[in-house]
Amino acid sequence: MVYDCIIIGGGIAGLQASIQLGRYRDKVLVIDAEDGRSSLCRCYHNILGWPEGISGATLRRTGRRQAEALGIEFVEETVEKASKQAESFCVATEENVYQSHTLLIATGIKDHLPAFDALIPCLGISVYICPDCDGFEVLDKEVIVIGSGKAGAGMALALTNWSNQIHLINHGQQLIDEEMQSKLNEYGIQTFTEQIAEIEAEGDQFRGVKLLDGSSLEANHAFVAMGGNEVRSQLAEQLGVELYKNKHILVDPRTKMTNVENVFAAGDIVAHSEQVTIAMGDGMQAAIWIHKKIKQQH
């Protein structure tokens with residue numbers, strides 16, 4: 001079996017691409033490790049048609065059902081190697097080896113989250129990672145930024161667009177330079193240098209933190225900005241795909257094809273804006289041009 005396309009990553013971009021390719025009646029396999037960032041978010045608030053928000057799990061579940069109805073195949077495996085053959089690509093997991101005429105890399109990003117289990121149920125509900133997505137959720141509210149150095153300070157300053165009740169905890173202990181500290185002071189953002197000992201939450205509702213010195217800080221909302229997110233472009237590197245210096249994949253803006261013929265990329269692995277709606281658009285655009293390539297080969 002040689003597939004028309006293998007999609008590596010079954011998140012938002014990969015699912016949207018699979019749905020469109022299914023509508024073209026192409027033979028497609030989606031390989032997904034089920035550990036993408038969209039599976040963690042309990043609620044996206046800025047998507048057209050969902051004013052009350054929608055969870056990543058719901059989008060993934062309904063998207064997969066929609067794709068499967070169109071004949072798209074799914075396997076829950078982790079791709080470990082990808083290589084170019086004479087007229088196809090070879091994709092290897094621990095369990096199997098698959099071949100295809102085209103590849104779509106939609107492996108996304110893994111967020112660097114502090115190791116507190118209590119944070120996970122709160123993601124997208126009362127704890128956020130993206131000010132563009134969720135800054136509006138803390139409008140005129142008290143908010144704690146759980147950060148590290150420049151990343152945490154930058155998040156705190158970005159949130160001044162919506163709130164003037166911001167507390168920054170430099171949990172990662174990275175240096176905040178004098179210029180950024182001066183800006184934090186200018187906006188009245190108090191910086192705590194003590195690390196967090198415990199996250200206080202009730203289910204999906206964040207309540208505050210306890211610091212190592214025994215003190216507590218209360219708020220019903222938090223943002224996380226630790227820096228150092230993992231850009232999952234290792235497979236692209238194996239194929240000789242050109243990357244930006246920040247490890248994101250460089251693609252043609254029109255076709256979403258990389259510098260390697262018939263290798264495409266879509267979603268957070270490409271655009272640093274990291275938005276669900278952009279991932280959908282990327283997946284759709286990539287699928288259109290993948291299909292053109294598939295038709296050329298038949």
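Q: How many of the 298 residues of the chain, in percent, count as buried?

A: Buried means under 20% relative accessible area, exposed means over 50%, and partly exposed lies in between (1.4 Å probe, protein chains only). Here, 51% of the 298 residues of the chain count as buried. This is a predicted model, where local features need pLDDT of at least 70, side-chain atom pairs count only at pLDDT 80 or more, and totals for chains, interfaces and linings use all residues. Residues are numbered from 1 along each chain as its sequence is written, and side-chain values use heavy atoms, with hydrogens and water left out.

Q: Thanks! What radius of gyration does the chain have?

A: The radius of gyration is taken over C-alpha atoms, and the globule rule is 2.2 Å times the number of residues to the power 0.38. For 298 residues, the rule puts a compact globule near 19 Å, and the chain has 21 Å, which agrees. Along the principal axes, the C-alpha atoms fill a box of roughly 65 × 35 × 35 Å.

Q: How many helices and strands does the chain have?

A: Helices (H or I, at least four residues) and strands (E, at least two) are DSSP runs, numbered from the N terminus. This chain has 7 helices and 17 strands.

Q: What is the strand order in the open sheet of 3 strands?

A: Let's begin with the general idea: strands of a sheet pair through backbone hydrogen bonds, either parallel or antiparallel. Two strands pair if DSSP finds at least two bridges between them. In this open sheet the order is S12-S13-S14, and the pairing is antiparallel. Strand S12 (196-202) and strand S14 (216-218) are at the edges with a single partner strand each, so one side of each has no neighbour in the sheet. S13 (residues 205-211) is joined to S14 by 3 bridges, and Val209 stands opposite Leu217 in S14.

Q: Which strands pair with S15, and in what sense?

A: S8 pairs with S15 in the parallel sense over 2 bridges, and Val127 has Ala222 in S15 as its bridge partner. Strand S9 (residues 143-147) also runs parallel to S15, joined by 4 bridges. There, Val145 stands opposite Phe223. Both faces of S15 are covered: Ala222 and Val224 are buried on one side, Phe223 and Ala225 on the other.

Q: How many aromatic pairs are there?

A: Rings of Phe, Tyr and Trp (its six-membered ring) pair if their centres lie within 6.5 Å; planes under 30 degrees apart count as stacked, over 60 as edge-to-face and the rest as tilted. The count by this rule is 1 aromatic pair. The ring centres of Tyr128 and Phe223 are 5.1 Å apart with planes at 50 degrees, so this pair is tilted. Tyr128 is in strand S8 (residues 127-128) and Phe223 in strand S15 (residues 222-225), so the pair ties together parts that are 95 residues apart in sequence. Tyr128 is buried, at 2% relative accessible area, and Phe223 is buried too, at 0%.

Q: Where is Ala266, and which residues does Ala266 touch?

A: Ala266 is in the loop between strand S17 (263-265) and helix H7 (276-297). Ala266 is buried, with 1% relative accessible area. Contact means heavy atoms within 4.5 Å. Not counting residues up to four places away in sequence, Ala266 touches Ala13, Leu104, Ile105, Ala106, Asp282, Gly283 and Ala286.
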